[in-house]
Each structure stands twice: as structure tokens, then as C-alpha cells.
Amino acid sequence: MASAPRSDEMFDEFLSQRGHEVDDVGWEENYNKKQCPDCGGLHGSAASECSVCGWTPVN
Ligand SMILES: [Zn+2]
């Protein structure tokens, strides 16, 4: 009689897993510049790769 359904618990777990699906690796933005997430180097908006460490965004 006092037993609560467990479905809410499972649903929370499902939501938290979906919340971590974002794994796109792209430029960080810092003061209107692109910042390499790997080495932290700043580049202009036209940059397509990091000239410091050679990192490129994953599309
Ligand atoms: Zn870099």
C-alpha cells in the first residue's frame, strides 16, 4: 500500500543520460574570437584550424 512506483526513478535516469549526449567539439568563443578548446589559443573568426597546436573542429 505504501509502495511508490519506481517508474519516476527510471525516467530521471533516462533524462540524465540524454543530457550528456552533446559531444560536439567546436571552437570556444571568447571576446568575439575563436578559442581553441585544446590549447586555448585565440584566433580570428575566419580561422578554420588552430595555428598553435593544429587542432581542427570536428563536424
Ligand atoms: Zn590549439
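Leaving aside its neighbours within four places in sequence, which residues is Trp-55 in contact with? Select Trp-55 and look around its side chain. Trp-55 is in contact with Val-25, Gly-26, Trp-27, Cys-36, Pro-37, Asp-38, Glu-49 and Cys-50 (contact means heavy atoms within 4.5 Å).

Before going on, some ground rules. This is a predicted model, where local features need pLDDT of at least 70 and side-chain atom pairs count only at pLDDT 80 or more, while totals for chains, interfaces and linings use all residues. Residues are numbered from 1 along each chain as its sequence is written, and side-chain values use heavy atoms, with hydrogens and water left out.

Buried means under 20% relative accessible area, exposed over 50%, and partly exposed in between, with a 1.4 Å probe and protein chains only.

**The zinc ion.** Select the zinc ion next. Its protein donors are the SG atoms of Cys-36, Cys-39, Cys-50 and Cys-53, at 2.3 to 2.4 Å (donors are N, O and S atoms within 2.8 Å of the metal, or 3.2 Å for Na, K and Ca; water is not among the atoms, so sites may look incomplete). The arrangement is tetrahedral because the four donor atoms subtend angles of 106 to 115 degrees (for four donors, all angles must lie between 85 and 135 degrees). Along the sequence, the donor residues follow the spacing C-x2-C-x10-C-x2-C.

Click Cys-36, then Cys-53. Cys-36 is buried, whereas Cys-53 is partly exposed at 39% relative accessibility. They are 17 residues apart in sequence and 8.7 Å apart in space, C-alpha to C-alpha.

Switch to a cartoon view. Three strands form an open antiparallel sheet in the order 1-2-3 (strands are DSSP E runs of at least two residues, helices H or I runs of at least four, numbered from the N terminus; two strands pair if DSSP finds at least two bridges between them). Strand 1 (28-30) and strand 3 each have a single partner strand, so one side of each is left without a neighbour in the sheet. Three bridges join strand 1 to strand 2. Show Glu-29 and its bridge partner in strand 2, Lys-34.

**Last stop.** Select Gln-35, in strand 2 (residues 33-35). Its side chain makes a polar contact with the side chain of Asn-30 at 3.0 Å (a pair of N or O atoms within 3.5 Å; within protein, one must be able to donate a hydrogen and the other to accept it, and residues adjacent in sequence count only if both atoms are side-chain atoms). A polar atom of the Gln-35 side chain also lies 3.1 Å from the backbone oxygen of Gly-40.

Terms used: Tetrahedral: all angles 85-135°; square planar, octahedral: opposite > 155°, others 65-115°.
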